[in-house]
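Look over the sequence and the model shown here. The report starts with a pocket and then turns to helix packing.

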Amino acid sequence: MEMIDRLTLAMIEFDKGDAKRIQHFLKVHRLAQLIGRLEQLDTHTLFVLESAAVLHDIGIHPAEAKYGSCVGKLQEQEGPAPARKLLETLGYDASDIDRICYLIAHHHTYKDIDGADYQILVEADFLVNLYEDSVDRHGIEAAYRNIFRTESGKQLCQALFGISPSH
């Protein structure tokens with residue numbers, strides 16, 4: 001079984017009983033994988049991106065348990081520790097663990113995006129959240145203008161939400 005599949009199963013177990021969160025990360029993973037492939041990421045960067053996409057919201061349950069809230073900043077704060085533990089258990093390389101944890105710790109931070117993996121993770125999460133949160137047209141168009149940078153992410157946003165490229 002491939003490492004991403006093993007990680008996905010481990011994350012499903014981590015979020016056991018929370019179908020909404022599991023469905024969310026599965027959608028974010030698939031969109032991140034698709035954008036990464038369309039943007040022709042190298043194999044290693046795509047692997048790191050996919051791993052981060054699977055784990056990006058791992059901080060939600062710990063934040064809820066500790067603070068009674070799972071706002072983005074708390075997800076970023078509480079996510080890296082359980083992610084690191086899970087990744088170490090699965091035998092990930094230390095440098096990959098560091099990057100994946102960095103992405104988890106910043107996936108709700110939209111400035112100073114420092115790599116294609118980071119940009120694509122943000123875009124994939126936005127594509128899912130815009131739908132799941134029933135964001136209105138104005139909000140979708142603002143996200144399109146302010147968040148999306150990859151051509152593939154822009155095209156998916158246009159197709160999913162029926163917006164024109166001029167927005």
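## The largest pocket

The largest pocket holds about 300 Å³ of space. A pocket is an open set of points on a 1 Å grid over the protein atoms alone, where a 1.4 Å probe fits, with protein on both sides within 12 Å along at least five of seven lines. Its volume is the space filled by probe spheres set on the points, which are joined across faces, edges and corners. Rolling a probe the size of a water molecule over the atoms shows where empty space is left.

This is a predicted model, in which local features need pLDDT of at least 70, side-chain atom pairs count only at pLDDT 80 or more, and totals for chains, interfaces and linings use all residues. Residues are numbered from 1 along each chain as its sequence is written, and side-chain values use heavy atoms, with hydrogens and water left out.

## What lines the pocket

The lining has 15 residues (each with an atom within 4 Å of a point), and H24, D57, N129, E132 and D133 lie nearest the centre. Two elements give two or more residues each: α2 (19-38) and α8 (116-132). Helices are DSSP runs (H or I, at least four residues), numbered from the N terminus. The largest share of the lining, 5 residues, comes from α8.

By class, the lining has 5 nonpolar, 4 polar and 6 charged residues. Nonpolar means Ala, Val, Leu, Ile, Met, Phe, Trp, Tyr, Cys and Pro; charged means Asp, Glu, Lys and Arg; the others, Gly among them, are polar.

## α2 against α8

Two packed helices are described by the angle between their axes and the distance between the axes. The axes of α2 and α8 cross at roughly 135 degrees and come within 8 Å. Axes are lines fitted to C-alpha atoms over the stretch in contact, and angles run from 0 to 180 degrees between N-to-C directions. α2 and α8 are therefore oblique to each other. Angles under 35 degrees count as roughly parallel, over 145 as roughly antiparallel, 65 to 115 as roughly perpendicular and the rest as oblique.

α2 passes α8 in a right-handed crossing. That means the near helix is turned clockwise from the far one by less than a right angle.

Helix α1 (residues 3-14) packs on α2 at about 160 degrees, with axes 10 Å apart. These two helices are therefore roughly antiparallel. I4, T8, M11 and I12 of α1 meet I22, F25, L26 and H29 of α2. This contact has 6 nonpolar, 2 polar and no charged residues.

Helix α3 (residues 43-55) packs on α8 at about 35 degrees, with axes 9 Å apart. Their crossing is right-handed. T45, V48, L49, A52 and A53 of α3 touch D117, I120 and L121 of α8.

## A loop residue

Where does A105 lie? A105 sits in the loop between α7 (94-104) and α8. A105 touches E76 and P80, leaving aside residues up to four places away in sequence.

Technical notes
Contact means heavy atoms within 4.5 Å.
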